[in-house]
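Dear colleague,

Below is the structure I am handing over to you. My notes on its salt bridges and its ligand follow.

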Amino acid sequence: MSSDSNVLDLSEVIAVTPVEKHGGQRNKDGFSDIELTPISCSRFAVHYVEKKRGRVWRPGRVTFKCQDPTVCREWIDRLQERLNQEYLRPRRLLVFVNPFGGKKRGVQIYQQKVAPLFDLARIKADVIVTERAGHAQDLLQELELNKLDGIVCVGGDGMFSEILNGLIVRTQQEAGVDKDWLAAELVRPHLRIGIIPAGSTDAVSYATVGVNDPVTSALHIIIGDCQPLDVSSVHYRSQLLRYNVSFLGYGFYGDVVRDSDLRRWMGPTRYDYSGFKKFCRRKIYEGEVAFLPCADQGSSPYDQIRCTEGCLVCKQAGEKNKPTPFNPSEEPRAVETFGPGGWQRVRGRFIAINAATNSCACKKTPKGVSPAAHLADGCTDLILIHATPRYRFLGHLLKHLTDSDRFNHSFIEVYRVREFKFRPVIIEETEDEQVEDEEAGVLSRRNRRRNTRRNSVWNCDGEIIDQPAVDVKVHCQLIKLFARGIEETKQSSCWPVGCFCA
Ligand SMILES: CCCCCCCCCCCCC/C=C/[C@@H](O)[C@H](COP(=O)(O)O)NC(=O)CCCCC
Ligand SMILES: Nc1ncnc2c1ncn2[C@@H]1O[C@H](COP(=O)(O)OP(=O)(O)O)[C@@H](O)[C@H]1O
Ligand SMILES: [Ca+2]
């Protein structure tokens with residue numbers, strides 16, 4: 001911004017509206033109840049994105065005064081014409097509101113914070129308040145989507161996951177791609193998805209916008225931001241179980257989501273209760289993880305660099321992984337080769353097996369489960385947490401509250417991978433394995449059984465996958481969000497009267 005003037009980037013203008021001389025009430029198009037004739041309008045307001053601290057955006061407004069009402073009308077028409085040329089800005093959206101998620105305030109959040117902004121920006125929104133779990137996913141298989149510019153999710157990660165799965169399944173079906181074939185090259189949906197955070201963790205919103213704020217997210221949607229995002233497919237025995245976009249967790253995090261699902265009446269605090277309970281139980285799961293490391297692309301989970309707006313790692317990955325036309329007669333995938341440069345395997349007793357396809361940053365862990373993970377690099381960070389005493393596991397968990405290196409423990413292995421598989425080893429208890437404990441007597445046998453419970457479940461963006469054995473594959477930049485990645489924080493600024501840059 002030059003010292004003697006202020007410049008307002010047109011791409012961050014929300015709307016232009018005539019201003020009543022006497023500040024009277026205006027209808028949703030910005031006109032007063034008394035129909036404004038062109039000659040009577042001598043002022044107009046430019047509504048724009050005002051960037052506050054901490055990546056929070058708010059609608060700002062600057063008013064311009066014209067001596068001649070004709071000039072005023074000319075300005076409004078010209079500016080509106082330019083805004084109409086911003087082809088990435090949505091004009092028609094399908095909005096799914098989950099009244100059940102988070103603190104059950106999804107409807108209020110949308111009506112009070114988002115709808116007025118969509119009206120101001122002249123966006124036509126078809127709003128559906130869901131009536132049950134899976135309602136949005138089912139509707140996405142049958143609704144007419146061609147006339148839309150995007151889909152908006154008002155809810156948390158679980159609701160986003162539902163819409164993500166619905167849209168991807170619909171797209172593959174229409175493209176004739178077999179979603180159950182692990183090796184299939186998936187077709188990218190053309191519709192972008194916007195997220196208005198109204199859930200409990202809201203990790204996807206936080207990791208792609210940098211803050212959990214409904215107004216900020218609404219403004220990213222209005223100006224038509226576009227952020228590609230990796231999606232992982234989760235299969236078992238040639239059957240698609242679910243698509244995942246952020247966090248996959250087996251063991252501790254799987255047990256947490258299974259337990260917390262029974263306590264949704266607690267709202268977001270259910271995770272704290274279940275997290276503490278499962279930390280105390282600290283169950284151990286034996287199994288084997290096989291994984292295909294990402295070919296060296298100059299990034300690692302131990303990087304100091306972070307995935308931010310305009311990330312070069314993601315840009316290069318996008319160029320390397322351009323979608324190839326689907327060929328139904330495509331040769332089946334090569335058999336996995338183990339060894340250097342190929343698949344690797346780790347067998348062990350684990351507290352948790354996590355995969356972070358992006359940082360999974362959220363209010364609980366502002367830097368994320370894997371701070372150096374990328375939104376759109378075609379990889380996921382596979383985090384193996386081996387059995388260890390509780391105090392050491394606690395030390396690792398506590399590091400999520402800070403910037404410190406959460407992987408700096410001998411019991412933790414982290415790999416940046418394109419694919420991985422997990423097969424549990426079921427522990428059958430035999431008589432001679434019973435641990436005799438004089439005080440506890442037979443209890444020790446029950447304790448051992450409890451501590452070596454056969455299987456956990458997978459926490460898939462907060463939804464439960466009951467099947468412990470999975471085959472996971474990352475599809476680079478499969479979908480696009482109305483976001484721009486994590487902006488480098490700037491000081492808050494306001495835009496007084498000034499000229500425009502196109
Ligand atoms: C004693 C201090 C412990 C601090 C623990 C910090 C660990 C935080 C990890 C947070 C996990 C982030 C991964 C995101 C998962 C979400 O997709 C999922 C569902 O979100 P939503 O549908 O919006 O509710 N959230 C969870 O699985 C919550 C996990 C909480 C684990 C304690
Ligand atoms: N109307 C509804 N009634 C009950 N459950 C719903 C409804 N709409 C969506 N859901 C389900 O609610 C779950 C949680 O949604 P989400 O918005 O992620 O809330 P939270 O972040 O609290 O988990 C999702 O599994 C979703 O499928
Ligand atoms: Ca990634």
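Buried here means under 20% relative accessible area, exposed means over 50%, and partly exposed is in between, with a 1.4 Å probe and protein chains only. The model is predicted, so local features need pLDDT of at least 70 and side-chain atom pairs count only at pLDDT 80 or more, while totals for chains, interfaces and linings use all residues. Residues are numbered from 1 along each chain as its sequence is written, chains are lettered from A and ligands numbered from 1 in the order in which they are written, and side-chain values use heavy atoms, with hydrogens and water left out.

Salt bridges

There are 25 salt bridges in the structure, each being a side-chain nitrogen of Lys or Arg within 4 Å of a carboxyl oxygen of Asp or Glu. One of them pairs Lys 52 with Glu 50 at 3.3 Å, N to O. Glu 50 is buried at 13% relative accessible area, whereas Lys 52 is partly exposed at 32%.

Another salt bridge links Arg 78 and Glu 74 at 3.1 Å. These two residues sit four apart in helix α1 (residues 69-84), so about one helical turn separates them; helices (H or I, at least four residues) and strands (E, at least two) are DSSP runs, numbered from the N terminus. Glu 74 is partly exposed, at 38%.

Lys 421 and Asp 471 also form a salt bridge, at 3.8 Å. Lys 421 belongs to strand β15 (residues 412-424) and Asp 471 to strand β18 (residues 470-481), so the pair ties together parts 50 residues apart in sequence. Both partners are buried, Lys 421 at 16% and Asp 471 at 10%. Elsewhere, salt bridges with shared partners join Glu 12, Lys 51, Asp 225, Glu 309, Arg 484 and Glu 487 into one network.

Ligand 1

Ligand 1 is surrounded by 19 residues, counted if one of their heavy atoms lies within 4 Å of it. Asp 157, Gly 158, Thr 201, Tyr 271 and Asn 459 are the closest. Oxygen atoms of ligand 1 lie 2.9 Å from a polar backbone atom of Thr 201, 2.8 Å from a polar side-chain atom of Tyr 271 and 2.7 Å from a side-chain N or O atom of Asn 459. The elements giving two or more residues to the shell are α4 (157-175) and α10 (390-398).

Domain 2 (93-224) and domain 3 (238-321 + 343-477) both contribute to the shell, so ligand 1 lies between them; the bounds come from an automatic or database domain assignment.

Regards

Methods:
A polar contact is a pair of N or O atoms within 3.5 Å; within protein, one must be able to donate a hydrogen and the other to accept it, and residues adjacent in sequence count only if both atoms are side-chain atoms.
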